[in-house]
Amino acid sequence: MDIPLNSSAKSNMDTKENFEKAKKAGISPLPQKNEGNKTNINMTDGVLIPTKKNKHLISSWRITFFGAILLLVCLCAFVTRTNSQGVTTHPYWEIFKFTIKGAPVTFECTIFAIVGAVLIGTLTGLGSVTKNRLINGICGVYVELIRGIPLLVQLLFLYFAVGSIFHMEGIIAAIIALSICFGAYMGEIIRAGIQAIPKGQIEAAKALGLSKSQVFFNITLPQTVKIVLPAIGNEFISMLKDSSLVSVLALSDILKRGREYISRTFLSLQTYLVVALIYLIFTLVLSRLVGLMEERLHRHG
Amino acid sequence: MAKIEIEHLYKDYIKNDGSILHAVKDASLTVKDGDVVVIIGPSGSGKSTLLRTVNGLEKAQAGHIYIDDVDVVNPKTDIRKIREEVGMVFQSFNLFPHISVLNNITLAPTKVLKMKKGEAEELAMSLLKRVGLEDKAKERPSNLSGGQQQRVAIARALAMKPKAMLFDEPTSALDPEMIKEVLDVMIELAEEGMTMLLVTHEMGFARAAAKKVIFMDAGEIIETGTPQDMFTHPQSPRTQDFLNHIL
Ligand SMILES: Nc1ncnc2c1ncn2[C@@H]1O[C@H](COP(=O)(O)OP(=O)(O)OP(=O)(O)O)[C@@H](O)[C@H]1O
Ligand SMILES: [Mg+2]
């Protein structure tokens, strides 16, 4: 495959440019012009995906991952507090037990929203590569709109818009809002994936007498899936993190449960520390899984 | 087998600056049933464009291309039917990298001709044997050398049992030591009586197999003759000039 599948191009640091999201999969959303010998630093706001090829990344992944686990375990096990009645408790363990109950909600929301985003993204991606100008235009406007508005603002707006028009449960509104936001980036990823299939292959298939749909289902689709899978994995991780934004309003997820706990106990610092560690551990596990998937895809051509 | 007749064919492209490029101008040629015709000419002279109009990968603006009396240029013609009957081999092989060599060959017969899987695989194996690659059936195309990939591409086209074949510079992307293995397959095909229209600058092949050589320049057919005549005493100064450059 001609395009770099991931981390090789992305052992690099952060910018806040959200529209660069397609790039964080290593898929350039736009054909990259080679401007002289200007060094091209590919910036992303996503997590770094460690694969075997990247020794430096994988060792920093290990340090962070095991560091986070160790810290969490130590906090839960060894920090104790004795209250006025002389009862000894493990406050971090209490916090952990309470907040982790939000994990199923976080995952439920993220999984449904990623499915929604892939559906929207597939339509948008196909819509941007068809020859129909009107459909191109609609998809283009959607993508530009989403790129130009901060994620938190979009999510809050969509959440209230969707929620007030259709009067639905908070979690459903949140899932729809996340799907619409991430669908635009997904659309760019899928468009880049489709366009990464060499034109010659499409011509060869046509020259054999295959119809347009036969070419799509036998040549374009299976290869695009392989190209975009790691990128979709990345989006999943981003979404897991960003789902915490809507959760503040709608869901009883990890962050929301943390906030509830704080309102009862006033242990802000301790609770946010645990919440941060939980998110970090989840994210690191997932990024490693995406890395492994990528390695597998590479090996199987 | 089949006959290809091209009559007064025109193909224009609109360039990025809006001006019109006449890629093929008033081209006429005939490939008789079982004949091999070679097109030569400088880069950008319209050879590929001419070839690609024959199976409708490019749409001609005017003129006719008859394949056994069916006009490809006529919008009513079912272009997929034509493509089933006319195979094409590309300079860059264009194998499908995500499926095995065997499946590259069986794809079109099973999907287009609705052939049974077992039957298609049998056919594919016999074609692989013919191009000397039966041991590569399970490999992915990327594990094959360029010459092997091109032989698979030929087998893939032959699996549709075409009545004519188009080749666009089939050996120019190959390392010199691999050119012969591909040309051998093509010569064998020509000897079996396949109707072939090719773009190639392999003069040895043209001498060995071609009935006619056509010289194109700037979208026009300048000169047509037997390989003998064309390579030893070309008439047009443009042909002479071109041959001096490449021979
Ligand atoms: N899709 C296209 N759009 C615009 N112009 C094109 C297109 N395809 C080809 N051309 C132009 O048409 C002319 C003929 O191109 P063509 O590829 O047929 O030449 P060729 O003889 O095959 O050259 P080569 O030996 O380099 O393959 C060239 O000037 C080329 O730039
Ligand atoms: Mg050409």
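Student: What volume does the second largest cavity have?

Tutor: In this predicted model, the second largest cavity has a volume of about 30 Å³.

Student: And which residues line the second largest cavity?

Tutor: The lining takes in Ala204(A), Ala207(A) and Leu208(A) from chain A, and Met88(B), Phe90(B), Arg156(B) and Ala157(B) from chain B. Two elements give two or more residues to this lining, namely H7 of chain A and helix H5 (146-158) of chain B.

Student: OK, how many cavities of 30 Å³ or more does the structure hold?

Tutor: The structure holds two cavities of that kind, and the largest cavity has about 40 Å³ of space.

Student: Which residues line the largest cavity?

Tutor: It is lined by Arg130(B), Val131(B), Leu158(B), Val185(B), Glu188(B) and Leu189(B), with the largest share, three residues, coming from helix H6 (residues 176-191) of chain B. By class, that lining has four nonpolar residues, no polar ones and two charged ones.

Student: Now the pockets. How much space lies in the largest pocket?

Tutor: About 1100 Å³ of space lies in the largest pocket, and 27 residues line this pocket, with Val129(A), Lys131(A), Ile202(A), Lys206(A) and Lys212(A) lying nearest its centre.

Student: Which elements give two or more residues to the lining of the largest pocket?

Tutor: From chain A there are helix H3 (103-129), helix H6 (170-195), helix H7 (199-207) and helix H8 (212-247), and from chain B there is helix H2 (79-85). H8(A) gives the most, with five residues.

Student: And the classes in the lining of that largest pocket, what are they?

Tutor: The lining of the largest pocket is made up of 11 nonpolar, six polar and 10 charged residues.

Student: Switching to the ligand, which residues surround ligand 1?

Tutor: The shell around ligand 1 consists of Tyr13(B), Leu21(B), Ala23(B), Pro42(B), Ser43(B), Gly44(B), Ser45(B), Gly46(B), Lys47(B), Ser48(B), Thr49(B) and Glu169(B). By class, this shell has four nonpolar, six polar and two charged residues.

Student: Which element gives the most to that shell?

Tutor: H1(B) gives the most, with three residues, and at least two residues of the shell come from each of strand S2 (20-31) and helix H1 (47-54) of chain B.

Student: What about distances, say from a polar side-chain atom of Ser48(B) to an oxygen atom of ligand 1?

Tutor: For Ser48(B) that distance is 2.6 Å. An N or O atom in the side chain of Thr49(B) is 2.5 Å from an oxygen atom of ligand 1, while a polar side-chain atom of Glu169(B) lies 3.3 Å from an oxygen atom of ligand 1. Taken alone, ligand 1 exposes 630 Å², and the protein buries 61% of that.

Student: You mentioned strand S2 of chain B, so in what order do the strands of its open sheet come?

Tutor: Four strands of chain B form that open sheet in the order S2-S1-S4-S5, with antiparallel pairing. The edge strands, each pairing on one side only, are S2 and strand S5 (70-71) of chain B.

Student: How many bridges are there between strand S1 and S2(B)?

Tutor: Strand S1 (residues 4-14) of chain B pairs with S2(B) in the antiparallel sense over eight bridges, and Leu9(B) has Ala27(B) in S2(B) as its bridge partner.

Conventions: Residues numbered from 1 in each chain as written. Chains lettered and ligands numbered in written order. Predicted model: local features only at pLDDT ≥ 70, side-chain atom pairs only at ≥ 80, totals over all residues. Heavy atoms only, no water. 1 Å grid on protein atoms, 1.4 Å probe; cavity = no way out; pocket = protein on both sides within 12 Å on 5 of 7 lines; lining within 4 Å. Points joined across faces, edges and corners; volume = space filled by probe spheres on them. Nonpolar A, V, L, I, M, F, W, Y, C, P; charged D, E, K, R; others polar. Near = heavy atom within 4 Å. Polar contact = N/O pair within 3.5 Å; in protein donor to acceptor, adjacent residues only side chain to side chain. Areas by Shrake-Rupley, 256 points an atom, 1.4 Å probe, with all protein chains shown as cover. Pairing = 2+ DSSP bridges.
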